[in-house]
Amino acid sequence: MTSPQLEIPALTPGGSLAEQVRDALLQAIRTGALPPGTRLREIPLSEHFGLSKTPVREGLRLLEADGVVQVVPRRGAIVASLAPAAVQHLYDFRLILEVAAARAAATSDESGDRLRSLHRAMSRSLTEADPTPFLQLDLELHCEISRMGGNPELTEAIRRVQQRIQATRQRVAVTARLKVAHRQHGELIAAINAADPDRAEVCITEHITSACAHVMGELGA
């Protein structure tokens with residue numbers, strides 16, 4: 001399958017050229033413009049972005065490192081397709097990581113202002129038909145919680161797991177769950193701001209397990 005380049009967003013400033021290529025392709029994967037199994041060919045992508053093949057190749061390698069793209073012998077890079085069992089494993093791993101992050105955030109001296117700001121932005125995005133803005137803010141909120149805990153390795157691990165999960169979400173209907181997720185985010189933020197790590201653990205566990213149940217149900221697992 002060739003890449004539908006017209007549906008791939010243009011590069012936006014920020015980071016190296018390879019990182020810009022990665023971000024543009026990741027956005028197209030999240031929205032379903034590049035579904036699982038799509039072949040990502042270097043020459044057409046280079047022409048689309050107006051770049052040489054080198055930053056495109058490096059951008060694909062970044063996506064491969066995050067598990068979003070697979071490099072298959074004699075076929076090149078393709079958008080990864082996750083089996084339901086692999087999705088379950090990702091959510092299991094995410095739960096372990098984010099429980100640790102939520103507890104650390106609830107015991108840190110960091111201000112929760114950024115969390116409240118993101119939550120308000122998510123409230124506004126609920127009125128939009130396209131769930132993409134909400135999902136992007138969702139990623140930012142979870143990364144901010146992990147950042148508050150002060151462990152950059154944990155933050156990076158959560159970011160990578162979240163990227164892979166969000167790439168899978170385009171295969172399922174997420175709109176019906178957004179209001180539930182938003183309520184759960186509010187409860188989690190309240191627990192963190194109250195410096196209650198036990199309550200924060202309960203909230204993040206409920207949030208992730210219910211999200212996993214929804215996705216697995218949509219996948220027919």
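Figure 1. His207 is situated in helix H9 of a predicted model. With a relative accessibility of 4%, His207 counts as buried, the threshold for that class being under 20% relative accessible area. Which residues does His207 touch, not counting residues up to four places away in sequence? They are Arg94, Asp138, His142, Arg177, Ala181, Gln184 and His185.

**Figure 2. Ala181 in helix H8.** Ala181 belongs to helix H8. Its relative accessible area is 6%, and Ala181 is therefore buried. Once neighbours within four places in sequence are left aside, Ala181 is in contact with Phe134 and His207. A further reference point is Glu206: Ala181 and Glu206 are 25 residues apart in sequence, and their C-alpha atoms are 9.9 Å apart in space.

Figure 3. An α-helix has 3.6 residues a turn, so residues three or four places apart point the same way.

**Figure 4. Helix H2 and its packing partners.** Helix H2 spans residues 42–49, and its buried residues are Pro44, Leu45, Ser46 and Phe49. These buried residues pack against H1, against strand E1 (39–40) and against helix H3 (53–65). Gly50 follows H2 and has a positive phi, near 70°.

**Figure 5. Ala10 in the segment before helix H1.** Is Ala10 buried or exposed? Ala10, placed in the segment before helix H1 (17–31), has a relative accessible area of 58% and is exposed. Arg75 lies 65 residues from Ala10 along the chain, and a distance of 25 Å separates the C-alpha atoms of the two residues.

**Figure 6. The whole chain as context for the close-up views.** The protein contains nine helices and three strands. Read from the N terminus, the order of elements is α-β-α-α-β-β-α-α-α-α-α-α. The radius of gyration is 18 Å, close to the 17 Å that the globule rule gives for 221 residues, so the protein is as compact as a globular protein of that length. Along the principal axes, the C-alpha atoms fill a box of roughly 55 × 40 × 35 Å. Of the 221 residues, 45% are buried. Considering contacts between residues at least 6 apart in sequence, 73% join residues at least 24 apart. The protein exposes about 10500 Å², of which 53% is supplied by carbon and sulfur atoms. Its side chains include 25 positive and 26 negative ones, and the centres of these two sets lie 6 Å apart.

Definitions and conventions. Residues numbered from 1 in each chain as written. Predicted model: local features only at pLDDT ≥ 70, side-chain atom pairs only at ≥ 80, totals over all residues. Heavy atoms only, no water. Helix = DSSP H or I, 4+ residues; strand = E, 2+ residues; numbered from the N terminus. Rg over C-alpha atoms; globule rule 2.2 N^0.38 Å. Buried < 20%, exposed > 50% of the residue type's maximum accessible area, 1.4 Å probe, protein only. Contact = heavy atoms within 4.5 Å. Areas by Shrake-Rupley, 256 points an atom, 1.4 Å probe, with all protein chains shown as cover. Lys, Arg positive; Asp, Glu negative; His and termini not counted. Charge placed at Lys NZ, Arg CZ, Asp CG, Glu CD.
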